[in-house]
Amino acid sequence: QVQVVESGGGLVQPGGSLRLSCTASGSGRIGNIYTMGWYRQAPGKQRELVATITSGGSTNYGDSVKGRFTISRDNAKRTVYLQMSSVKPEDTAVYYCNAKAGWVPPGRDYWGQGTQVAVSS
């Protein structure tokens with residue numbers, strides 16, 4: 001079983017920065033961690049893509065965060081980061097980490113519990 005744990009959420013002012021972290025772990029052998037990513041869900045809205053990154057470092061971003069957010073990962077630590085810059089009130093949401101893990105790509109989906117990000121002055 002794979003556990004996915006996020007950290008780093010909180011309150012940030014518009015125009016500010018915040019960094020989220022997420023680590024995938026498990027008891028015993030959990031196989032490979034393939035694509036990892038961040039998704040978010042604002043109140044009353046559907047969950048949407050923020051950014052994903054493959055084990056090889058290829059990235060994909062949602063249109064609303066391109067040029068402002070940067071995703072990166074440390075494969076040795078099974079950790080993915082989301083550097084959020086120039087944040088806007090509309091970035092307020094619960095941010096969920098996703099890790100695809102297993103022995104055969106693309107792996108199974110594992111989700112974290114979410115971390116709240118609030119952008120407000």
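Tutor: Gladly; we will take the chain as a whole and then some single residues.

Student: What kind of model is this, and how are residues numbered?

Tutor: It is a predicted model, in which local features need pLDDT of at least 70, side-chain atom pairs count only at pLDDT 80 or more, and totals for chains, interfaces and linings use all residues. Residues are numbered from 1 along each chain as its sequence is written, and side-chain values use heavy atoms, with hydrogens and water left out.

Student: How many helices and strands are there, and what makes a stretch a strand?

Tutor: The protein chain has 0 helices and 11 strands. Both kinds are DSSP runs numbered from the N terminus: a helix is H or I with at least four residues, a strand is E with at least two. From the N terminus on, the order reads β-β-β-β-β-β-β-β-β-β-β.

Student: Why does the radius of gyration agree with a compact globule?

Tutor: The rule is 2.2 Å times the number of residues to the power 0.38, and the radius is taken over C-alpha atoms. For 121 residues a compact globule would come near 14 Å, and the protein chain has 14 Å, so the two agree. Along its principal axes, the C-alpha trace spans about 45 × 25 × 25 Å.

Student: Why is Thr 115 called buried?

Tutor: Buried means under 20% relative accessible area, exposed means over 50%, and partly exposed is in between (1.4 Å probe, protein chains only). Thr 115 has 11%, so the residue counts as buried. Thr 115 lies in strand β11, residues 115-119. Across the protein chain, 40% of the 121 residues count as buried.

Student: What does the side chain of Thr 115 reach, and which residues does Thr 115 touch?

Tutor: The side chain reaches the backbone nitrogen of Gly 9 at 3.3 Å. A polar contact is a pair of N or O atoms within 3.5 Å; within protein, one must be able to donate a hydrogen and the other to accept it, and residues adjacent in sequence count only if both atoms are side-chain atoms. For touching in general, contact means heavy atoms within 4.5 Å. Leaving aside residues up to four places away in sequence, Thr 115 touches Glu 6, Gly 9, Leu 20, Ala 93, Val 94 and Tyr 95.

Student: Ser 21 or Ser 86: which label does each one get, and why?

Tutor: Ser 21, in strand β3, has a relative accessible area of 17%, so Ser 21 is buried. Beyond four places in sequence, the contacts of Ser 21 include Trp 38, Val 80 and Tyr 81. Ser 86 is found in the loop between β8 and β9; its value is 43%, so Ser 86 is partly exposed.

Student: What makes the backbone of Ser 86 worth a look?

Tutor: Phi of Ser 86 is near 50 degrees, a positive value in a residue other than glycine. Arg 78 also has phi near 50 degrees, and sits in the loop between β7 (69-74) and β8 (79-84). Arg 78 has a relative accessible area of 29%, so Arg 78 is partly exposed.

Student: Which residues does Gly 16 touch?

Tutor: Gly 16, in the loop between β2 (10-12) and β3 (18-26), touches Met 84, Ser 85, Ser 86 and Val 87, not counting residues up to four places away in sequence.

Student: Where is the cis peptide bond?

Tutor: The bond from Pro 105 to Pro 106 is cis, with omega near 5 degrees. Pro 106 lies in the loop between β9 (93-102) and β10 (108-111).
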